[in-house]
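Subject: Structure for your review

Dear colleague,

Please find the structure for your review below. A summary of what was found follows it.

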Amino acid sequence: MSFNYSSIIDESLSPDDPLFWSRPTPITCNPIRIVGIFLCVASLVGIVCNGALLYSFIRYKQLRSPSNIFVMFIAGIGFFASCTILPLTGTSSIYCQWLYQRAGCQFSALIAFLYGCSSSYLLCGVSLSRCYIIVRPFKAKDVTTRKCVIISVVAIFIAFIWTILPLVGWNEYTMEGARTSCCINWYDRRLSYVSYLFFLFIVVYLIPLIILITTNTITLQGLKRMHKKIESGIQTALNARRIAMERRIVKSIIITTCGFIFTWTPYAITFFVSAFRGKDYALPPLTTFLCACFAKTSVIWIPILYISTSTQYSFHFINQQSFEQNVSADRANTVVVNGPRLSRKINGLPAKDGANDD
């Protein structure tokens, strides 16, 4: 199924003209509004989930393990994205036209792609760190929190470079076919525009996908071999309990990674197909709009999947909460027990135990 974008693209209007950014959507408004309401709700969910995850990492030092540093940075960028791209696209979709002019469009698209690029690289960092620890357990101390912080900052900086390239002339940020969300220009057939699409597909999607599949496969196979050796009575670098814990952590990483791939793959395929077909025979605007919005909702799926599958997160968070509640209860009981003694001392009477009051 294809769509001729020439029928809805008004080439007489320049992006410098304010009317270019205020045109209504060319497709039926009702499904666009429904998606807009969903995006506004997703924005609130993303703020709560990413905020809770980020707060937990900052509040509880036990959670700031080297591998979790990458997840912490994903949560931080996801929190910012939930406060920006989802409300901008959601409110514009409810009104069936883009509401924030050119600057808002460029800002929204830049943050969306910064989150997508950063998340793919940071998830690679998580998988590579766990793979290194399993493959070389005697050198696990080489994977430190400080190194992971540096790698995360470098990964985000590289992603930022890729996302500002459209602002300096390699492709551009513009409205999508539905005219209620923004992304890079994927329907222009000029060489500089098509080459950027291929560049993004390879560097931001294909290479990270290969790294994620390869490292997680090696990690699972390494854990499986260690488990078999233990069952055979052969001593390994990790004991059975540690292997079981590492397996749960790796499964959590894999599930979170699959959620990211599942949300961004339809959009990546849309880019790849559009790079070949151009505006005359591209995918329908509603299809590309739904793929774009589905990709943007990864800001809520990643923290939800991590929180629900990470036993390490649940263990530390729940036990810390229980510990604090027990400490508060002990303090309250101490106040209640020592209250009568303190009263007697203030009144000049000898302190007595509760058992001797009778």
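A residue is called buried when its relative accessible area is under 20%, exposed when over 50%, and partly exposed in between, with a 1.4 Å probe and protein chains only. By this rule Cys 183 is buried, with a relative accessible area of 1%.

Please note that this is a predicted model, in which local features need pLDDT of at least 70 and side-chain atom pairs count only at pLDDT 80 or more, while totals for chains, interfaces and linings use all residues. Residues are numbered from 1 along each chain as its sequence is written, and side-chain values use heavy atoms, with hydrogens and water left out.

Disulfides

The structure contains two disulfides, a disulfide being a pair of cysteine sulfur atoms within 2.5 Å. One of them is formed by Cys 29 and Cys 96, with sulfur atoms 1.5 Å apart. Cys 29 belongs to helix H1 (residues 29-59) and Cys 96 to the loop between helix H2 (66-95) and H3, so this pair ties together parts that are 67 residues apart in sequence. Helices (H or I, at least four residues) and strands (E, at least two) are DSSP runs, numbered from the N terminus. The link is right-handed, with 90° about the S-S bond, and both Cys 29 and Cys 96 are buried.

A disulfide also joins Cys 105 to Cys 182, with 2.0 Å from S to S. Because Cys 105 lies in helix H3 and Cys 182 in strand S2 (residues 182-184), the pair ties together parts that are 77 residues apart in sequence. The link of Cys 105 and Cys 182 is left-handed, with -125° about the S-S bond.

What keeps Cys 183 from a bond? Its sulfur is 7.7 Å from the closest cysteine sulfur, in Cys 182, which is too far.

Cavities

A cavity is a set of points, on a 1 Å grid over the protein atoms alone, where a 1.4 Å probe fits but cannot get out; lining residues have an atom within 4 Å of a point. There are three cavities of 30 Å³ or more. The largest cavity holds about 260 Å³ of space, a volume being the space filled by probe spheres set on the points, which are joined across faces, edges and corners. It is lined by 17 residues, and the closest to its centre are Leu 200, Val 204, Tyr 205, Trp 264 and Ala 268. Helix H5 (191-231) is one of the helices that supply at least two residues of this lining, and H5 gives the largest share, seven residues.

Yours sincerely

Notes:
On a 1 Å grid over the protein atoms alone, a cavity is a set of points where a 1.4 Å probe fits but cannot get out, and a pocket is an open set with protein on both sides within 12 Å along at least five of seven lines; lining residues have an atom within 4 Å of a point.
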